[in-house]
Amino acid sequence: MTQHQEQLEALQEIRSLMERSSRFTSLSGFSGIVVGLLALVGLGVVYGILNQQHVSYSAVCQGQLPAATGQLLMLTALATLVLALGSVVFFSWLKAQKAGQSIWQEPGQRVFGNLFIPLSAGGVFCGVLLYHQIPYLVAPAMLIFYGLALINSSKYTFIDIHYLGLGQIALGLLASFQVEYGLLAWGAGFGGLNILYGTLMYDKYEKDR
């Protein structure tokens, strides 16, 4: 091995160490796939509940929703959220363990902290929409705030997260104008885009490693 090659390898090792110390590289692409699948399952459950209760999505948008049906939908949304967040933490923890790292070091704290703030604000805002009986904007608002959260945290992890966030925001804005497609846009964003992102991330950063 020549001295030039040794210097290049040393520089690459230094760069890798600096990146690991400043960026959270344990975010798992596989968790994106799982989150997307959970979202699609949750969407299927929502449609199943609406069909069983003989309630159309247009009726939901108009606020004509029986209290019992609304509670079932809220429980479904909450269960989907908890499982999705749990899968992100679990698979990221597995990836970090494999690399001999911890997800609770400073880079991981920055990522999850910057995700938490917009997501929390979005959750409160969706509650405000429901309080003022504007349910047809809840699905678009969830996509927009989720996209903002991804963009906000992308500077501390893979840049690919930034583009996923832009896609979520674009879908949310489109669904704000075509509210009758709100649930479908929600499924496309939280389901389809997450699965696509997770697959690309897994192939790019985790496959054969």
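This note goes through the predicted model point by point, from the whole chain down to single residues.

1. **Basis.** The model is predicted: local features need pLDDT of at least 70, side-chain atom pairs count only at pLDDT 80 or more, and totals for chains, interfaces and linings use all residues. Residues are numbered from 1 along each chain as its sequence is written, and side-chain values use heavy atoms, with hydrogens and water left out.

2. **Confidence.** The mean pLDDT of the chain is 82, and 86% of the residues reach at least 70. Here pLDDT is the predictor's confidence in each residue, on a scale from 0 to 100. Among the elements, helix α1 (residues 3–22) has the lowest mean, 54. Helix α7 (residues 160–177) has the highest, 94.

3. **Overall make-up.** The chain has eight helices and zero strands. Both are DSSP runs numbered from the N terminus: helices are H or I with at least four residues, strands are E with at least two. Of the 209 residues, 40% count as buried. Buried means under 20% relative accessible area, exposed over 50%, and partly exposed in between (1.4 Å probe, protein chains only). Among contacts with a separation of 6 or more, 74% link residues 24 or more positions apart. A contact is heavy atoms within 4.5 Å.

4. **Surface.** The accessible surface of the chain is about 12100 Å². Carbon and sulfur atoms hold 67% of that surface. Areas come from the Shrake-Rupley method with a 1.4 Å probe; for residues, only the protein chains shown count as cover.

5. **Helix α4.** This helix covers residues 67–98. Its 32 residues reach 47 Å from first C-alpha to last, close to the 46 Å expected at 1.5 Å a residue. The expected span is 1.5 Å times one less than the number of residues. Buried positions in α4 include T69, G70, L73, T76, T80, A84, S87 and V88. The buried residues of α4 pack against α2 (29–52), α5 and α8 (182–206). After α4 comes G100, with a positive phi near 70 degrees.

6. **S87.** S87 sits in α4. S87 counts as buried because its relative accessibility is 8%. Beyond its neighbours within four places in sequence, S87 contacts S31, V34, V35 and L38.

7. **Nonpolar patch.** L78, L81, V82, L85 and L119 form a nonpolar surface patch with about 440 Å² of accessible area together. Patch residues have over 30% relative accessible area and no salt bridge; like charges are joined within 9 Å, nonpolar side chains (Val, Leu, Ile, Met, Phe, Trp, Tyr) within 5 Å. A salt bridge is a side-chain nitrogen of Lys or Arg within 4 Å of a carboxyl oxygen of Asp or Glu. Helix α4 gives the largest share of the patch, four residues. L119 belongs to helix α5 (residues 106–131). L119 is partly exposed, at 35% relative accessible area.

8. **Q133.** Q133 lies in the loop between α5 and α6. Its phi is positive, about 60 degrees, although Q133 is not a glycine. Most residues other than glycine have a negative phi. With 66% relative accessibility, Q133 counts as exposed.

9. **Helix α6.** This helix runs over residues 138–154. Twelve of the 17 residues are buried, so α6 is largely enclosed by the rest of the structure. Among the buried ones are V138, A139, A141, L143, I144 and Y146. The buried residues of α6 pack against α3 (57–61), α5, α7 and α8.

10. **P140.** P140 is in α6. P140 is buried, with a relative accessible area of 1%. Leaving out neighbours within four places in sequence, P140 contacts G172, A175 and S176. Its C-alpha is 9.5 Å from that of Y181, 41 residues away in sequence.

11. **G191.** G191 is part of helix α8. Its relative accessible area is 0%, so G191 is buried. Not counting residues up to four places away in sequence, G191 touches G36, A39, L40 and W186.
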